[in-house]
Structures are given as structure tokens and as C-alpha cells.
Amino acid sequence: MALLDVDKEAQTLLPQLVATRRDLHRYPELGFQETRTAGLIAGRLRELGLEVQTGVGQTGVVGLLEGANPGPTVLLRFDMDALPITEANETDYTSQHPGRMHACGHDGHVAMGLGIASLLARHQSEINGTLKFIFQPAEEGLGGAFAMIADGVLHNPRPDVALAMHLWNELPLGQIRVTAGPAMAASSRFTLAISGHGGHGAAPHKGRDPILAAAHIITALQSIVSRNIDPLESVVVTIGQITSGTTFNVIPETALLKGTVRSYNMELHRIIYRRILEMATNVAAAFGCEAVMETVAIVPAVVNSPEVAGVVAAIAGQVVGPHNVVDGQEMASEDMGHFLEEIPGCYFFIGSRNAPAGFHYPHHHPRFDFDEQAMVYGVATMARVAAYYVMGDFARNWQRIAEDAALPDSFSTTTPANIPPSLT
Ligand SMILES: [Zn+2]
Ligand SMILES: [Zn+2]
């Protein structure tokens with residue numbers, strides 16, 4: 001293949017990314033129900049000549065791009081589920097399914113995954129190793145990563161490096177966030193069931209009020225972060241749900257509290273849960289009630305390998321300019337943490353906010369949408385990182401791949417285009 005016409009190549013890539021993303025956006029599917037999405041992905045990957053496996057972790061899809069020669073295996077992971085939200089945007093690609101919406105940008109992730117596969121498939125003869133594209137179901141708290149791992153996605157072949165990215169409206173278009181080490185928190189949830197003794201609301205002295213106990217427990221739990229945890233550590237204890245009572249003049253029998261704990265370090269999780277249990281049982285006892293706690297681990301922290309993060313940061317700098325590569329951490333969680341517990345890798349964020357164009361709503365908002373140009377930066381970055389690992393003659397091939405993934409002239413490689421000055 002002759003050296004590609006850079007402009008032409010980039011121009012053909014962006015419309016394809018947009019068309020795919022908008023098609024998926026119109027027909028969002030919830031976790032473990034992504035059958036149309038999976039069918040579309042499997043069809044495209046087969047057209048590209050990849051070896052495709054479906055039904056991995058229920059609705060997950062795996063595509064193997066085997067290089068001409070042996071080498072490392074790079075896992076590229078893209079999530080594909082939507083959320084149970086009714087979209088409030090009115091565009092020609094608005095969700096056609098009330099109550100379901102791609103409000104996190106996973107439609108863009110699938111489009112980028114297919115774009116990267118099409119880009120790298122053209123270079124199959126130059127690849128030394130294997131690219132393992134995985135399209136994961138049910139990232140939104142339903143355990144999709146775990147389901148794929150349980151179905152053996154980390155074997156045959158076992159990846160040497162794992163990569164994933166998220167379009168991110170917390171970052172302006174043209175920035176990429178790469179963090180060496182912990183990037184997103186470990187997450188767990190808990191339930192406290194407080195039982196008292198119900199009765200007439202006008203005769204509280206004859207009962208034991210679980211609502212009063214719950215109120216004091218919630219207040220007491222606020223001291224864990226401020227008084228039991230090293231102030232240099234990042235942790236969150238949030239009660240997100242209180243359920244009790246049926247009407248205004250009855251003291252109920254029970255109160256239920258549900259909450260979440262976040263930290264980067266599982267030892268802190270253990271300290272926090274020990275304190276929640278101590279406080280809940282003792283405060284409940286002080287009000288004549290009893291508290292029982294149940295905890296469920298959700299996902300481990302997303303911890304990036306410093307070596308892989310270094311490669312991603314350097315290559316992201318080639319795409320958007322070194323000054324647009326930023327560092328940062330989130331207390332949100334991501335089930336990419338399961339893959340990164342097993343395989344060294346990097347999970348990074350592609351800025352997709354463009355407020356003047358209306359792309360400034362947060363993820364999971366009914367008006368969420370992202371600047372589609374961000375997909376070009378995502379494709380260029382991840383394709384180049386993958387090429388770094390599987391192209392034997394690194395300098396020559398990386399350059400060529402970089403040119404394939406290159407941005408049109410309007411996307412300068414040092415000053416990203418279309419970023420209003422107010423956002424830079
Ligand atoms: Zn989400
Ligand atoms: Zn997401």
C-alpha cells in the first residue's frame with residue numbers, strides 16, 4: 001500500500017465514526033441485552049477479516065487481528081451498553097427507545113473500536129503479534145467485565161497489555177487525561193437494616209424509633225472520612241437511599257439505608273466498613289434498635305501501569321500536543337479495573353466537552369452528548385499505542401500508522417482545532 005493521502009484517509013474515517021456512533025445512539029441497548037449492537041460489531045469485524053467470537057460474557061464480542069508474525073498480544077477494550085434514561089435531546093439521532101439512552105458515550109466507544117480495527121486491519125502484514133478487540137457488555141454496574149473474564153477472554157491468547165478509553169465531558173475537546181497508577185476508585189455498596197419497635201406516632205415513648213436511629217447513624221458516619229482516615233488519602237462514604245415508614249403518624253418497624261464506599265486502597269475499605277459496622281450497631285443500640293450490615297464489592301480500583309501510561313501519555317502528546325495531556329483521578333469507578341488487576345495496561349480519558357456547541361452535560365444526564373471530533377483523537381491515540389506494541393520496525397511503522405490515523409489539516413497536531421478559547 002502506498003503511503004496514504006493523509007487528508008483523504010482522515011476524512012473517510014471521521015464520517016464512518018459519526019455514522020456508526022449515530023446508528024448505535026438511535027438504538028441503545030441496556031447491559032447484557034446488546035444483541036443488535038453485538039451483531040453490528042461482529043459483522044463489521046468479519047468484513048475486516050478478523051476472527052470473531054460472539055456470546056463471550058453473554059453479549060460480548062471478541063475480534064482477533066492476527067499479525068503476519070508472532071509478537072505480543074494487545075487487548076483493546078470498548079464498552080457498549082446504554083443506560084435506563086429517557087433522552088431529552090432532539091437530534092436526528094435521538095434514541096428511538098424511550099427509557100434507554102447512550103448517556104455515557106459508549107456508542108462512541110464502539111464506533112472508535114471499529115474505526116481502530118479498520119485502520120489496523122489494513123496493516124495486518126506489518127503486525128508482529130495479535131490485537132484482541134473486545135466489545136464488553138454491561139459496564140454500568142452490571143458486571144460485564146467480570147462476565148467476559150469468567151468466559152475466558154483473558155486466555156487464548158493471554159494479553160500482554162490492556163488498553164481502554166472513555167470519551168469524557170469533564171475534559172474539553174482536545175485534551176487527553178492519562179494517569180500513571182490509580183486513576184479510578186474501587187467501589188462497593190452496603191445496606192444497613194435498622195430494626196426498632198413500631199407504634200403510634202403520638203406515643204413515641206412506647207416504641208423504639210428506627211428513623212431516629214437511622215438519622216443519628218447517617219450523621220455519625222460522616223466522621224469516618226474526617227476522623228478515621230489519613231487526610232492524605234481519598235475516600236468517599238455516601239448514603240444514597242433511605243427507605244422507611246408508610247405514613248406520617250406511624251413509627252415504623254424498620255429503616256433501610258443504602259450507600260457506597262470508594263477508595264483507591266482496599267485496606268481503607270476494610271477500615272471504613274469496620275467503622276460503619278461499629279457505629280451503626282452502637283448508635284442503633286443507644287436508641288434501643290438493632291443494625292445489621294451487608295456489603296457487596298462492585299469493582300476494584302482502576303490502576304494503570306506506569307510504563308504503559310507513559311507510552312500512552314507520550315503518544316497522546318503527539319496527537320493533541322504535550323500541553324494538552326493532563327493528569328487526574330476520579331472517585332467514580334469502572335469495571336476496566338478487573339482487566340487491569342490481571343494485565344498491565346492503561347485506561348485514559350478523551351476530552352469531549354464543547355460547551356458552545358452544547359456538549360457540556362455530564363455523563364448519565366438526559367441531555368448528555370459529546371463532540372464527535374473527540375472520536376478522531378481517541379482513534380488516533382489508541383491506534384498509535386497499539387502500533388507501538390505490535391509493529392516490529394517501530395519507527396517506520398509507527399510513523400505510517402500515525403499518518404493513517406492523522407487528523408485533517410484543521411486538526412493541527414499541536415493545537416487542537418475547534419476548541420473555543422474559553423475552554424482551552
Ligand atoms: Zn457511565
Ligand atoms: Zn461510561
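This is a predicted model: local features need pLDDT of at least 70, side-chain atom pairs count only at pLDDT 80 or more; totals for chains, interfaces and linings use all residues.

User: Are helices α7 and α9 parallel, antiparallel, perpendicular or oblique to each other?
Analyst: Helix α7 (residues 306-320) packs against helix α9 (residues 374-390) with the axes 9 Å apart and at an angle of about 135°. An angle over 145 degrees would count as roughly antiparallel, and 65 to 115 as roughly perpendicular. The relation of α7 to α9 is therefore oblique.

User: How many residues of the contact of α7 with α9 are nonpolar?
Analyst: On the α7 side, the residues include Val311, Ile315 and Val319, and they meet residues of α9 including Tyr377, Ala380 and Arg384. The contact also has 2 polar residues and 1 charged residue, and the number of nonpolar residues is 10.

User: Which strands stand at the edges of the open sheet?
Analyst: The sheet has 8 strands in the order β1-β2-β4-β3-β5-β16-β6-β15, with mixed pairing. An edge strand has a single partner, so one side of it is left without a neighbour in the sheet; the strands concerned are β1 (51-56) and β15 (325-326).

User: Which residue in β4 is the bridge partner of Asn69?
Analyst: Strands β3 (residues 69-79) and β4 (residues 128-136) are paired in the parallel sense, over 8 bridges. Within this pairing, the partner of Asn69 is Asn128.

User: Which residue in β13 is the bridge partner of Ala193?
Analyst: Strand β8 runs antiparallel to β12 (residues 254-263), joined by 10 bridges. β8 also pairs with β13 (residues 290-299) in the antiparallel sense, over 9 bridges. In β13, the partner of Ala193 is Val292.

Technical notes:
Residues are numbered from 1 along each chain as its sequence is written. Chains are lettered from A and ligands numbered from 1 in the order in which they are written. Axes are lines fitted to C-alpha atoms, for helices over the stretch in contact, and angles run from 0 to 180 degrees between N-to-C directions. Helices (H or I, at least four residues) and strands (E, at least two) are DSSP runs, numbered from the N terminus. Angles under 35 degrees count as roughly parallel, over 145 as roughly antiparallel, 65 to 115 as roughly perpendicular and the rest as oblique. Two residues are in contact if their C-beta atoms, placed from the backbone, lie within 7 Å. Ala, Val, Leu, Ile, Met, Phe, Trp, Tyr, Cys and Pro count as nonpolar, Asp, Glu, Lys and Arg as charged, and the others, Gly among them, as polar. Two strands pair if DSSP finds at least two bridges between them.
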